[in-house]
Amino acid sequence: MEFANFPYLTAILLSCVIGLLVILFIPEERQMLIKWVSLIASAVTVVISLYLFVAYNKTLGGLQFVEKVLWVKSLGIYYFNAVDGFNLPMLLLTSIVLFTGVLTMWELENRVKEFFALTLLLVAGVFGVFMSMDLFFIFVWYDVSLFPMYPLIAVWGSTRKEYGAMKLTLYLLAGSALILPAILYLFVNSGLNTFDITALMQPGTFTPFQQKFAFLLLYLGFGVLAGVWPFHTWSPVGHVAAPTSVSMIHAGVLMKLGAFGVLRVGIFLCPEGWQYWAQLMAVLATCGIVYGAFVGLAQTDLKYVIGYSSVSHMGIVGLGLATVTVDGLNGAVFQMFAHGVMTALFFSSVGYIYDKTHTKMIPELGGMSKIMPVASGYFIVAALAGIGVPCLASFWAELLVFLASFKVYPVRGALAICALVVSALFMLRVVQRTFYGEKNERFAHLPDVSFGLGLPRMILVAVIVIFGLFPSLMLDVIQTSSIPFIHGLP
Amino acid sequence: MKWILFLPEIYCLLMAAAFFGLAMLPRTNPRRDYQVAVLLASVGVLISLMSVRLHGTLFFEAYRIDLFSQVFKVMLAMGLFLVICLCTELRGVEERYHPEFYLFLTTCTFAMMMLVSAVELLTIYIALELSSYSLYILVPLRRGPGTDVEAGIKYLMVGASASAVMLFGLSYIFGVTHTTYVAEIMKILPTVITTPAAMIGLLLTLCGFFFKLAVFPFHFWAPDVYQGASNQVTAFIATASKVGAVAILMRMVALTGGASKYLVDVLVVLSIASMTIGNLTAIVQKDMKRLLAYSSISHAGYVLIGILSMSASGYASAIFYAVAYLIMNLCCFLVVVNVAYDGSDLKIAQLAGLHRRSPLLAMTLMLAVFGLAGIPPTIGFTGKFLVFAAAVARGHLVLVIIAMINATISLYYYILVVKAAYLLEPDVEMERLNISMPTKVLAGALVAVMVVIGIYPHHVLEVARAAAKGLMM
């Protein structure tokens, strides 16, 4: 048994699990207590992940804060958690989105206990996938994070919620139907009788054919959750149907699980497969970027707009991964973080507007900046981040990805850039039609966002700006993993 | 003869005799019958647990006591005990038949205990028939609209046909190997398994067990019998009886020593057909028991994946899967029995509002069906994982992908059940369900077992591995 001095990573998981168990034993009527328990549990995750982010030794790099316990001896399964430059940003992202998500849902009154219990379960799964270095546990946490989505959307959602929830669940689990065979295939063919990723990723463990085959399964399986075109159709529908904080977690964090799965399992274990299929990945990613931008242009529902912009932005992550370069990897991971925070802000702003006006149709709104200037401001910041305005986090991410893709795939890079212009166009149109122009008198009496409800949005804006102004805060961490990984490729 | 080796079986016989005595009494008393049954069955679990370490042979080597058989005996005794625990409100069976009801449950358990220990073809046949005949009687014991009789007849007819086919197959095996002892057959059969006579004989023999396990194409009885029998009998057929079938199927497949590619191919086809037909048909079901019947057909396909791997880890995974299936299905039936407490058939729509009527039952049901769908961190996931791992190790990757796609299909109808319990509201307001304390404890214990073994399967897996080794000898 090897344990770091203090099991920080386990503490993150435990804070979610203990929060969940405490909530289960609190009577349904004590709603405020339930919310406070969830808030405290999520605050603990923020504190620990911030600490990890700061305490991670960038000169040493590699895996740190390692926790490794043999779990099932006969199958070589380890409870193995660690952080490196790839998952550290993800842990930070998840904790921030969870914390702000809980605050966003502070006014929830319907089945509060179940909502927060399921949210904590979902997030425990997400944390688990990000921190685990054992294939078995990655798969277990992955599924744990998927199935609470069904009740969360079907009970508390809106707009064809049951259809959206069912479609999402079946799509994502169909994806995992490819992941499990792929994982077992790798496990069996390694001959090492272990699920430990660090052991399996040693060069020469798998033949090129095995890597190509397994990578394809893993890419398709995880790609469904990452919203890779053409398997993205569940995503806008699911986003629209989900309640505000679930949309935040879902688009902000859960989609990253897919991309992260491709990285951690597919790319780590099958680097030759990755290089072999990179062309295909780049084509699909470019299709996603272009398609998301153009379909987003035609939407009249605010949430659909964000949903399709997510498909487009996740395409940028895919394109970054497909370049097989340091810049591409850096950009992709940075984009995962930046997009997560940005989308959370998007959905959180739309959620407030929807809660007050009971509509998210663009033609029915209008002049909202005169009615609720602060709430509108949050959306506009998110929109600017979505466009890739400098000094906001996503600018750096997109810049890195496009720099890398221009070198490797000039035509596809150019196409993607053109699509970004379209995406800027539709985002600005949405902002113009929703927040400026003639104001709808029907909503003139509505209050602006209060300080308490504005707090989560403020935090998100602050994160976007901080990492926009000081991108090296993030890039220095990511590079500790991306540079050695790319240089170690065969 | 070392009678101590036969202890769990002797105890079952004594239990049956006790119920026979109760049946002879002029006045019935359901409360008393239930209490006696629970007490006797709980002692039965203890006795079978105590006899786990025994090993040896009996009856001129026709009967083997080893870890494999004893583990299954514990599961059978546990299954009987848990099913009897569901009988607090045995309203689906007329009161005057209650002692007979317990009597036949016990004789069936006795027969299946014999089945898992039998290592001689005729003993196997007789044990199988005895267990089946007990169930043929239990099914029409139901008080109700008359579907019970139809179900009983259907069960009898299909069962009789299957056992006739099986007997025919046994005669071929005897003809080829000139012995009825499994140990002898295991030596000879792998060398002649490629001959048509041996192959046909084995396949026809397996038909009897396919019938028990409701594997395609012997699955037709399952939906009607599940629906026609009283809830508790269905629970028994769906759990303990399936466990016995898995055990003997493994014993028979192990006969070939993995030497027949044709047998593997046949089992692959049957597995795919069972999974797919079971899952696709389950989607349209409105009745909970029928849904569970079709789901059991599909689960028979999953178990077959472990068995057809014909390796120690394959058999171990099938044993683990059987444990998982026993627990998850019992959880489902616990909910069925308590929600339809008047003994009627439970429609899925009747689960509406269950999360308010009884949050505990709703949670039990949700975890059980998610377990059946193979969602972690439940025992059902771990079971599927082990079965699939064993199959991939033997090169059956495509089969595993098909099985995973099937698991996704199954999730659709399992989610419909969860949706009914958590999302739908009943048309008329219904009162809270009055769940007794023992039932609450039972539900809590089953849920805990489902989750704990799901997360930490190590010990159960080790026992299953050790048991599987005994089978390979």
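Modeller: Start with a strand pair: A:K68 stands opposite A:F80 in β3(A). Keep in mind that this is a predicted model.

Colleague: What makes β2(A) and β3(A) a pair of strands?

Modeller: Two strands pair if there are at least two bridges between them. Six bridges join β2 (residues 64-72) of chain A to β3(A), and the strands run antiparallel. Six meets the requirement of at least two, so they pair. Another bridge partner to note is A:Y79 in β3(A), which goes with A:V69. In the hairpin of these strands, four residues lie between them, and A:G76 there has a positive phi near 65°.

Colleague: How covered is β3(A)?

Modeller: Mostly: six of the seven residues in β3 (residues 77-83) of chain A are buried.

Colleague: What puts A:K68 over a ring, and which ring?

Modeller: The ring of A:Y78, where A:K68 lies over the face at 4.8 Å from the ring centre. The distance limit is 6 Å, with a separate condition on the angle to the ring normal. A:R264 is handled in the same way: it lies over the face of A:F268, 5.1 Å from the ring centre.

Colleague: Why is the pair A:F6 and A:Y8 called edge-to-face?

Modeller: The count of aromatic pairs over all chains is 50. For A:F6 and A:Y8, the ring centres are 4.9 Å apart and the planes stand at 70°. Centres must lie within 6.5 Å, and planes over 60 degrees apart count as edge-to-face. Both conditions hold, so the pair is edge-to-face.

Colleague: And why is the pair A:F209 and A:F213 called stacked?

Modeller: Their centres are 6.3 Å apart, within the 6.5 Å limit, and their planes are at 5°. Stacked needs planes under 30 degrees apart, so this pair is stacked. Both residues lie in helix α9 (residues 208-226) of chain A, four residues apart, about one turn of the helix.

Colleague: Which residues make up the aromatic cluster?

Modeller: From chain A, A:W71, A:Y79, A:F136, A:F137, A:F139, A:F187 and A:F195. From chain B, B:F381, B:F385 and B:Y456. Together they form one cluster.

Colleague: What makes α3(A) largely enclosed?

Modeller: 18 of its 18 residues are buried, so the rest of the structure largely encloses it.

Colleague: What about α5(B)?

Modeller: Helix α5 (residues 121-138) of chain B has 18 residues and reaches 26 Å from first C-alpha to last, close to the 26 Å expected. Of its 18 residues, 13 are buried. B:E120 caps its N-terminal end, with a side-chain oxygen 3.2 Å from the backbone nitrogen of B:L122.

Colleague: Why is A:S394 called buried?

Modeller: Its relative accessible area is 1%, and the cut-off is under 20%, so A:S394 is buried. A:S394 lies in helix α17 (residues 393-408) of chain A. A polar atom of its side chain lies 2.4 Å from the backbone oxygen of A:A385. Beyond four places in sequence, A:S394 touches residues including A:Q335, A:A338 and A:M342.

Colleague: Why does B:L76 count as buried?

Modeller: B:L76 is at 1% relative accessibility, under the 20% limit, so it counts as buried. B:L76 lies in helix α3 (residues 67-85) of chain B. Its C-alpha atom is 7.3 Å from that of B:G244, 168 residues apart along the chain. Among its contacts beyond four places in sequence are B:T109, B:M112 and B:G244.

Note on methods
Residues are numbered from 1 along each chain as its sequence is written. Chains are lettered from A and ligands numbered from 1 in the order in which they are written. This is a predicted model: local features need pLDDT of at least 70, side-chain atom pairs count only at pLDDT 80 or more; totals for chains, interfaces and linings use all residues. Side-chain values use heavy atoms; hydrogens and water are left out. The expected span of a helix is 1.5 Å times one less than its number of residues. Buried means under 20% relative accessible area, exposed over 50%, partly exposed in between (1.4 Å probe, protein chains only). A polar contact is a pair of N or O atoms within 3.5 Å; within protein, one must be able to donate a hydrogen and the other to accept it, and residues adjacent in sequence count only if both atoms are side-chain atoms. Contact means heavy atoms within 4.5 Å. Rings of Phe, Tyr and Trp (its six-membered ring) pair if their centres lie within 6.5 Å; planes under 30 degrees apart count as stacked, over 60 as edge-to-face and the rest as tilted. A charge sits over a ring if NZ of Lys or CZ of Arg is within 6 Å of the ring centre and within 35 degrees of the ring normal.
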